[in-house]
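Dear colleague,

Here is the structure for you to look through. My notes on it follow below.

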Amino acid sequence: MMNEYLQISFLGAAGTVTGSKYLIEALGKKIMVDCGLFQGLKKLRQLNWEYLPVKAATIDAVLLTHAHLDHTGYLPRLVKNGFRGKIYGTGPTLDVAEIILRDSAKIQEEEATRANEKAYSRHHPAQPLYDLKDVDRTLVRFEEIQSDQWITLDPQIKVRFQYVGHILGATFIELDLAGKRLVFSGDVGRQQDALLFKPKQPENADILFLESTYGNRLHPTEDPQQFLLETIEQTFREGGTLIIPSFAVERTQTLMYLLWQLRKKGQMPDMPVFMDSPMGANVLEVFHRSRSWHKLSEEECDEMCKYIHTVKEFRETWEVIDRKGPKIIIAGSGMVSGGRVLTYLTQYVDKPETCILLVGYQAEGTRGRQLLEGTHELKIYGKYYPVKARIKSLHGLSGHADQRELINWLSNIRDRPEKVFLVHGEPQAADALRVKLKDELGWECEIPELHVIRIYGLPHTVSKEDS
């Protein structure tokens with residue numbers, strides 16, 4: 001007779017890259033793994049405003065693989081809707097999540113104010129999804145977990161967080177429910193990374209949740225530093241401005257490191273470098289406090305930061321814009337979905353001597369994706385701007401494992417998982433990885449749809465599956 005079930009609900013990052021949320025119900029507990037915002041296409045962003053098919057107040061805990069907005073950005077909304085449990089993550093993850101959530105709330109408040117002032121929203125009045133007060137109510141629920149240690153959440157429930165690269169503090173999560181092992185990959189990092197160590201690998205998994213962001217491709221073998229240098233030299237010759245929209249966590253720090261290395265080698269043209277991302281500046285402070293999570297020494301961090309001018313106040317953004325001559329600007333956000341990079345684009349995107357260098361994954365529906373696909377205009381703050389700038393893309397700096405690296409990450413798993421779910425990927429990427437895993441490992445994988453439910457028996461019970 002069945003006495004206990006495990007129920008899995010896919011509330012995000014199912015059939016898409018963003019909005020990671022997986023609800024696990026078992027042994028009288030409800031545990032959410034990741035709690036991210038949907039980004040990109042309007043139909044996805046609108047999901048952020050819909051109520052989840054579970055009452056927030058009934059969720060006991062949230063486990064965070066890492067701090068990126070598509071894994072943490074829904075937390076204040078969850079708290080606003082009644083969640084009162086604990087939010088677990090590594091120290092750097094919680095530190096960076098605080099920075100990201102405050103920035104997200106501030107941007108939403110500012111955009112709602114701007115929309116109301118200029119009347120370009122169809123909502124009257126426009127409201128933020130959450131505000132800074134909601135973030136404050138969220139932060140008090142944070143609880144740090146040490147990596148590599150099994151933590152008991154309940155007599156029959158334990159959890160372990162293990163280093164996975166990707167960004168500072170990122171982990172994969174092992175959740176043990178009465179002997180059934182669930183493994184959540186989070187976002188798997190690269191085997192070779194300028195700043196981070198190689199990912200640790202799982203050894204056992206009964207049910208595996210595997211990201212598939214780059215499941216259909218291999219990263220180019222080009223030298224990212226050389227590509228960056230060639231782009232800088234061309235922009236310098238043309239007397240233009242190089243704008244690099246960048247993710248504030250990890251990508252900005254990697255770019256700073258590469259530029260600093262070029263300068264140390266004496267290869268850089270005489271161009272000032274500005275890092276205009278308050279969030280990126282705050283993350284640098286976390287880098288200084290989290291030495292065991294990355295490769296840089298304290299001295300290297302200090303020297304790198306001295307070389308690049310950090311823009312602190314918004315008025316300085318306009319001073320940078322007014323500055324004549326070639327220059328390099330690193331500004332958030334990485335998908336050109338918000339932040340100070342938008343201010344720069346309103347001034348520079350229509351100039352042919354401008355170069356915009358995209359250095360990370362561009363989700364469907366974002367301005368970054370539009371630029372990548374050759375759009376002739378961008379809509380920013382309700383106004384259209386012609387795109388005359390050169391658009392270039394540097395794939396070698398991706399923080400996500402490619403198809404081969406994902407398969408390598410699985411190589412230490414001793415026995416075939418009974419179930420593999422491919423998540424956090426666009427349909428083509430997830431399906432290509434599904435075929436590859438079947439051909440190379442003999443694993444049957446499922447690509448779940450949003451809000452699908454799967455039910456299994458726990459050990460010593462009869463199994464059942466239902467959609």
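Lys-392 has its charged end over the ring of Phe-227, 4.9 Å from the ring centre. The model is a predicted one.

Next, the aromatic pairs. The count comes to twelve. One of them joins Phe-10 and Tyr-22, with 6.0 Å from centre to centre and 75° between the planes, which is an edge-to-face pair. Phe-10 belongs to strand 1 (residues 5-10) and Tyr-22 to strand 2 (residues 21-26), so the pair links distant parts of the chain, with the two residues twelve apart. Both Phe-10 and Tyr-22 are buried. They are also members of one aromatic cluster, together with Phe-184, Phe-209 and Phe-421.

Then there is a pair of helices. Two packed helices are described by the angle between their axes and the distance between the axes. For helix 6 (residues 224-237) and helix 7 (residues 251-264), the angle is about 75° and the axes are 10 Å apart. Angles of 65 to 115 degrees count as roughly perpendicular, and helix 6 and helix 7 are therefore roughly perpendicular to each other. On the helix 6 side, the contact is made by Gln-225, Leu-228, Leu-229 and Ile-232. Helix 7 meets them with Leu-255, Leu-258, Leu-259, Gln-261 and Leu-262. By class, this contact has seven nonpolar residues, two polar ones and no charged ones.

Regards

How values were computed
Residues numbered from 1 in each chain as written. Predicted model: local features only at pLDDT ≥ 70, side-chain atom pairs only at ≥ 80, totals over all residues. Heavy atoms only, no water. Axes fitted to C-alpha atoms, helices over the stretch in contact; angles between N-to-C directions. Helix = DSSP H or I, 4+ residues; strand = E, 2+ residues; numbered from the N terminus. Parallel < 35°, antiparallel > 145°, perpendicular 65-115°, else oblique. Contact = heavy atoms within 4.5 Å. Nonpolar A, V, L, I, M, F, W, Y, C, P; charged D, E, K, R; others polar. Phe/Tyr/Trp six-rings, centres within 6.5 Å; stacked < 30°, edge-to-face > 60°. Buried < 20%, exposed > 50% of the residue type's maximum accessible area, 1.4 Å probe, protein only. Lys NZ or Arg CZ within 6 Å of the ring centre and 35° of its normal.
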